[in-house]
2 protein chains.
Amino acid sequence: MALMTDFKTEYSNYVKIVNDTLAGYLQFDDGPGSNIYNAMKYSLTAGGKRLRPVLAISVCDMLGGSRQDVLPFACALEMIHTYSLIHDDLPAMDNDDYRRGMPTNHKVFGEAMAILAGDALLNKAYEIMISHMLKRGEHTKAFAKAMDVIASNAGADGMIRGQTIDMESEGRTISGQTLEYMHRCKTGALIKASVLAGASIGNATSSEYDSLAKYADCIGLAFQIKDDIMDVKSSLEQMGKQAGSDAASNKTTYVTMFGLDKAEQLLDESVESAAAALECFGNRAAFLRELAFYIRDRKN
Amino acid sequence: MALMTDFKTEYSNYVKIVNDTLAGYLQFDDGPGSNIYNAMKYSLTAGGKRLRPVLAISVCDMLGGSRQDVLPFACALEMIHTYSLIHDDLPAMDNDDYRRGMPTNHKVFGEAMAILAGDALLNKAYEIMISHMLKRGEHTKAFAKAMDVIASNAGADGMIRGQTIDMESEGRTISGQTLEYMHRCKTGALIKASVLAGASIGNATSSEYDSLAKYADCIGLAFQIKDDIMDVKSSLEQMGKQAGSDAASNKTTYVTMFGLDKAEQLLDESVESAAAALECFGNRAAFLRELAFYIRDRKN
């Protein structure tokens, strides 16, 4: 119980650092076209768990890496995550009016500006990573590796591939293999990139890097199964528990595929595997271990 | 006249190299979600002048830089240009059905896929630059500088800022100062980034870099003035020359601002200034000098 309190405090501290640093990246003049920054800022400061930057920083911390060096990469990851949400919410995509209890970007700034704000956040992510690398002038290989793992996981072979499969599978039944591949791309890829960017900047050894990759795969999977379980449970609650296990939308999920009990068992197994992957780090990995359980036990 | 023929041949050779290299970056499997690559490829191979990559390569060539090293950056610039066109054409933006005589991306693949294809091309641009830097492991500073000038000119303080101003100024009169700023961002920024990325990879001296920056500013301005002049002339032709100088849309342009004669004079001056900025390079700059005149004399 003491550990749990420590974890929550530590997590909140990380979130505060991330929010403060993000704010610093969004300073702007009020000249023509500066409204693009208002649109970017609106979604970037709309809350959220900050899971990706917290992962990058805490992995780097565990390895004794530099906080100053990991922060730009952590913030870049949050910008990439946020741009993907803005574009996902657009009328042509999921057509969502609300996100985290607030009107979505296009509801406030209009569709055209929301498209541009997403583009600008994605580009800004690279701007701040590249600019940091150029400014520091040393440890360049670690920065390049971190950028490489982020870029390759965010694009057409990672997150965007996942979005594409998700969109194409709307209203269709997909195989368990495709479901897993979709989630590994759509959610897992950026979570993995966060862990591995932190590992690169913390100068992980090759074997530490592999252990962290395994940890990242497991929490990425756990994150998605938990999302699916929460979706079904909230649908069941709304429907007075009358509708059975296909209460959720017509999408294939871990729950529609395996049923609720088996999905919860898979979730437990993923979290246990994540914790096991951290064994080589001993006590230094306390925070990351708790983080796996936090992903399982979260309420939103 | 001989020079002009040489120029055209040389330009075509550059375009061929660019097209061949771009094709190599778009190899993909046919697994789930691979249609994202079809959408990216559709717009990336839909023709176009390839002005930005040609600028980057020819500047690097002039400085005796490595062709192998500049190509990924040249292709990245074309990918960034293409993504901006895909998003610009969307119904929420300019709502264009045709681009270069072919149906626009969203007309073929649907709006959602066009948004993702644009995102994926922007991300792919960074993927290939970062991956090349990591693979080469040397000259890292030159690569970082090239990426930095590309990233900072493509984003919310460059091209995207220009798009934002353009969108906001629709149907409104803007000042000459804002018009110039808008074009410097919207078109000029990526043209400048192309020249300066080539300069960085060609290891330009500080004074060569400054001269090339001046050249880039001048051709960027010339490019836009020429676009405005072509727009008006084609509108005048369509309207049987009855509609006078406000035949174009309700946007402020160099022609609506200064009139056709003065705009043509400004175009000549920009091209002459561009050529003058190349003096320090002597005969080595023959291609880039011709390129400035090509921008003035082009028919599309």
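**Briefing: a two-chain predicted model**

Ile150(B) is found in helix α7 of chain B, which covers residues 140–154. The model is predicted.

**Around Ile150(B)**

- Ile150(B) is buried because 32 C-beta neighbours lie inside 10 Å, and the cut-off for burial is 20 or more.
- Residues up to four places away in sequence aside, Ile150(B) touches Ala76(B), Leu77(B), Ala193(B) and Ala197(B).
- Ile191(B) is 41 residues from Ile150(B) along the chain, and the two C-alpha atoms are separated by 9.6 Å.

**Nonpolar core**

- The largest nonpolar core holds 197 residues.
- Ala117(A), Ala222(A), Ala117(B) and Ala222(B) have the most contacts inside this core.
- Beyond its neighbours within four places in sequence, Ala117(B) is in contact with Ile36(B), Ala39(B), Met40(B), Ser43(B), Ile86(B), Asn105(B) and Phe109(B).

**Contact between chains A and B**

- Chain A brings 45 residues to the contact, and chain B brings 45 residues.
- On the side of chain A that touches chain B, two or more residues come from each of α2 (35–44), α6 (111–136), α7 (140–154), α8 (159–168) and α9 (176–201) of chain A.
- The largest share of that side comes from α6(A), with 15 residues.
- By class, the side of chain A that touches chain B has 26 nonpolar, 11 polar and eight charged residues.
- The copies meet through the same surface, because 100% of the interface residues of chain A are also interface residues in chain B.

**Domains of chain A**

- The domain assignment of chain A gives two entries: domain 1 (14–204) and domain 2 (208–300).
- Their C-alpha centres lie 21 Å apart.
- The contact between them takes 19 residues from domain 1 of chain A and 20 residues from domain 2 of chain A.
- On the side of domain 1 of chain A that touches domain 2 of chain A, α3 (51–62) and α9 of chain A each supply at least two residues.
- α9(A) gives the most to that side, with 11 residues.
- The residues of that side of domain 1 of chain A divide into nine nonpolar, eight polar and two charged.
- Helix α9 of chain A also gives two or more residues to the side of chain A that touches chain B.

Methods:
Residues are numbered from 1 along each chain as its sequence is written. Chains are lettered from A and ligands numbered from 1 in the order in which they are written. This is a predicted model: local features need pLDDT of at least 70, side-chain atom pairs count only at pLDDT 80 or more; totals for chains, interfaces and linings use all residues. Two residues are in contact if their C-beta atoms, placed from the backbone, lie within 7 Å. Helices (H or I, at least four residues) and strands (E, at least two) are DSSP runs, numbered from the N terminus. Ala, Val, Leu, Ile, Met, Phe, Trp, Tyr, Cys and Pro count as nonpolar, Asp, Glu, Lys and Arg as charged, and the others, Gly among them, as polar. A nonpolar core is a set of buried Ala, Val, Leu, Ile, Met, Phe, Trp, Tyr and Cys residues joined through C-beta atoms within 7 Å. A residue is buried if 20 or more other C-beta atoms lie within 10 Å of its own, exposed if 12 or fewer, and partly exposed in between; C-beta atoms are placed from the backbone. Domain bounds come from an automatic or database domain assignment.
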